[in-house]
Structure formats: C-alpha cells, structure tokens
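Trainee: I have a structure open and would like to talk it through. Can we start with the terms?
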Amino acid sequence: MRIAILGLEHETNTFLPGRTTYEDFVAPGGWPPLSRGEAVLPALEGSGVATAGAVAAARTHGGVELVPILWTIALPGATVAEEAFARLMDDAIAGLKAAHAEAPLDGVFAEMHGAMVSEAHDHAEAHLAGAIRAALGPDVPLAVALDLHGNISDKLVDAATLLEAYRTYPHVDMKETGARAMRRLIAFLADGAAPQKAVARPPFQIALTWQCTLFGPGKAVVDEAEAMMAADPDLAVATFFGFPLADIPGAGPAIVTQHPDAATARSAARRLGALWDRLEPQFDGPLPDAPAAIAEAMQCAMEPGRGPVVIADTQDNPGGGGPGDTTGMLAALLAADAPALLVHIADADACAAAHAAGLGATIDVALGGRALPQTGAPIAGPWIVAALGDGRFVGEGPMYGGNHIALGPVACLTRGNVRVIVAPKRMQASEPALPKHLGQDPFEAQILVVKSSVHFRGAYQDRARRVIVARAPGPVTADLADLPARRQTKRAAGRASQTITTS
Ligand SMILES: [Zn+2]
C-alpha cells in the first residue's frame, strides 16, 4: 500500500486583529517546524502529533510505503493570510500529484485541525480536502485526523472517506487519533467497505473553558460515544466541540458518526445530538475576575493541603489565539504580592534585556501588554533577573512530551513574592519543563498561574490543591455572551440538534 502523509492545520480566532502569515507556519512555538518531503518523518520523530501516530501505526502494520508530502502547523491566531494558505495548499497538492504520477497512491492520510479560516475560505481545510479529492479523483481514499476543536463543514465530511478526532481536551490522545485514522484507512484498503456518515449539529456554541472532557458534560458526551463504539465495533464517532472564536457559518459542535450501515450511522448521530441538547445548560461555570481569583487562591494556599492552587488566565490562552502577553493577571498578582509563579509572558524585548543585564541584575523594562493594548498596559519595572535559560528543552507534559522545544532565550523575573517566566514566543501553558528549565518547579509553587483554558489540566490538575478559572482582560472570550459574533449559530431556546446524512 502506497499512502501519502500530509499535515496542514491552524485554529483561527477571527476576532483577533492582524493576520497569520507564512512565517508563523515555519517555526511555531512548541510544535515541529514546517517540513517537506523526506524531511517530514525526521521532523516529527519523537513528537506526539497525530501524524507521528499514523506513521507508527503504518510501520506496526507493515507492507505500507509512506510518501511524506508536507507537514506544518501555526499557533492559534488571527485569520490566515490567503497567500500563506494558498502557498501551503498548492505545495501539498503539487506534492500529491507528483507522488501519484510517480506511482499511483492507494490512499492519503491528512492531519488537519478543522478550524482554519483563511481570508478567502471560512472552512479552509474543507477547501484543502476538496482540492485533494479533485487532484486524485474519487477512488483514492482520504483519511483525516482532526482536532476536537474543528468547525466541521459538510464539505469536509463529504470529501473525506473517514474522519477521526481527538477524544480528549486537554489533548492527550493526538498520536492515538492519528493511529486510529491510519488503521481504519489500511482496513478500508484491505476490504473496501466505505463508512456511511451522518452529522448531528447541536445549535449552540460552548466556551473553550467548559469543553474539558475530564469532568461534567464534556466527559459525559465523550463517554457516551465511547460506550456506543464499544457496543458496536463497526461504529466510529468523531466528536467535535467546535471553536467558538470563529465568526463563520458552521462554527460549533458537530458529531460525525460513521458506520457501514447508513441508518445505523444516522440513529447514532440522532442519539448523540439529543444528549448534547439535554446537557447544553451544564456547559457553564464560575468566572471570577483576577483580584477575586487571587484572593480565593491566597486563602486556599494557607489551608492544609498539598500542591499548588492553579489559576487559569483563560482569556489569554495561546491555544485560543491569546497573545500570551496580557497583563491583567500580573497586575493583580503584584497588587496582592501573591506568592505566585506565572507561566508565562511572551515578551522578546524583556528576555533580551534580562540576558544583557545578567543573573541577579535589576532591570527596568516594561513587561507584556503590547499585542492588544486595550486589554491592559505593559507593567513597568524594576524586575530582578532570578534565572536565565537558552529556551531549549524537551517537553515532558502530556501534550508536548518528547517534542524538542526551542523558544529562544528565556528568563525568570521577580518582584516581591511574584515570579514571572518570560519567553520570546508564546506557547500553551501545559508544559512543566519550561519553568523547570529555569529552576522553578511549578508543583512547588503556592499559587501557579497559567495562561491556558484547559490544556494546563493535563499537566497540573491531578497535583493541584484547587483549580480556579479566572477572567482577566483578554481575547479568548470565556463568556460567549461577550462575543460580538454575527455569522455563527447562536444559542436559541427550543431548537434541537439537526442530523443530516452525507455520502
Ligand atoms: Zn484543540
């Protein structure tokens, strides 16, 4: 079997100013860099991404010739510049056509996110999937591994032969998701039984903060899908919670059921859609502001117990397009002189100033607050340079574990009881190896503040004394009533999930 391997993905927050450019895809913080052709497999070696899982599954099966084409991701951010998307898509399609001309491809494995928006395409990855289908014809199966945050269009479902999605948020099963997609593709090539697909679309959006699959309604919907798949091994369910920070038609949850029998796929989609409808009011929770969250954390830290009190600065989550440099939480920590470790502020100038001044120096730089001035001003010095590092470390958390991470020169700055990790680039705060690289053990902190909505839970929840999700000013809107969305589906009383069948 000759199977092409491809990855092109982005999670686009259309409410952010600016554009995500080609350069943002070249070397994203925490993830493997852009790679092409023979360089793809070495670039993904040791990483936990879906394509790495697909490659491992193909090797385990044996008899598969892998034809790597291109793999690239940019950190979540603003709408993708059309020239960047077009250049990457054209590379991918040209690579597939050349490989297919050299010797016919039997199948394609593609890793996508599902929530990429380019300037010309609300559903950019659906456009890519359609282009793959057009380039190779209807007979070459396409297996797609997607992020649970995908905003999945019917066009993508139609273009794909089969779909798999992460079943966890925090995402700790990326590799397994890629492996599942590859195993199903290989099985399809062996027996030719194409899955029939149905899609249920719950008529509401869910804030990232309440999409976690570790507890509550998020856990209930993935558990039910797992139970249904356990009862019927021919059923596959890809559950998408959607990415609400995209003001496009079709943003929101979608449950894609796949089964050799169309009626069974449809009834499974209906059943899961009805469960989502029932659980909709439970996708919610408290959102204290920064001073209230810090006061609660300081009180909790004085009580008996073990582990840090973790505060999630959810509205500056880099995983939702936050710039990682908003200062509302930092200002409140300093005002309270809270015994806290903040991971992290993205500020290249402050990192350079700390390295120029050296360990133990006092520097007078204004920290953060540059990307979105309306969310809060930079925080003036002085800061003590408490630790310095080159920013090269290997991920040890459940999301970036095994990834070789190169953030550039990093520092730990302190004032009073507040310690701030500073790095030149942003990155999801799910990686204990970053503060440890600077000699700051996050598990020993009294209060650990992370710029994250949910991914931090993979690394910290089990060892946290308490988790408090807080709302400081930032662009990753946690209360969707605050979101100025016009084009996406909005919550409306009395409406139920729609189920449609696709081919
Ligand atoms: Zn995601």
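Mentor: A charge sits over a ring if NZ of Lys or CZ of Arg is within 6 Å of the ring centre and within 35 degrees of the ring normal. By that rule, Arg87 lies over the face of Tyr22, at 3.6 Å from the ring centre.

Trainee: What lies over the face of Phe443?
Mentor: Arg463 does, at 3.7 Å from the ring centre. Keep in mind that this is a predicted model, where local features need pLDDT of at least 70, side-chain atom pairs count only at pLDDT 80 or more, and totals for chains, interfaces and linings use all residues. Residues are numbered from 1 along each chain as its sequence is written, and side-chain values use heavy atoms, with hydrogens and water left out.

Trainee: How many aromatic pairs are there?
Mentor: The structure holds four. Rings of Phe, Tyr and Trp (its six-membered ring) pair if their centres lie within 6.5 Å; planes under 30 degrees apart are stacked, over 60 edge-to-face, and the rest tilted. Phe443 and Tyr460 have ring centres 5.4 Å apart and planes at 55°, so that pair is tilted.

Trainee: Are those two buried or exposed?
Mentor: Both Phe443 and Tyr460 are buried. Buried means under 20% relative accessible area, exposed over 50%, and partly exposed in between (1.4 Å probe, protein chains only).

Trainee: Which residues form an aromatic cluster?
Mentor: Phe241, Trp276 and Phe283 form one.

Trainee: New topic. What coordinates the zinc ion?
Mentor: Asp147 (OD), Asp147 (OD), His149 (ND1) and His171 (NE2) do, at 2.0 to 2.6 Å. Donors are N, O and S atoms within 2.8 Å of the metal (3.2 Å for Na, K and Ca); water is not among the atoms, so sites may look incomplete. Along the chain, the donors follow the spacing D-x1-H-x21-H.

Trainee: Why is the arrangement irregular?
Mentor: The four donor atoms subtend angles of 54 to 143°. Four donors count as tetrahedral if all angles lie between 85 and 135 degrees; four count as square planar and six as octahedral if opposite donors are over 155 degrees apart and all others between 65 and 115; anything else is irregular.

Trainee: And how buried is Asp147?
Mentor: Asp147 is buried, with a relative accessible area of 7%. His149 also counts as buried, at 2%.

Trainee: What about the protein as a whole?
Mentor: Of its 503 residues, 61% count as buried. The C-alpha trace spans about 65 × 50 × 40 Å along its principal axes.
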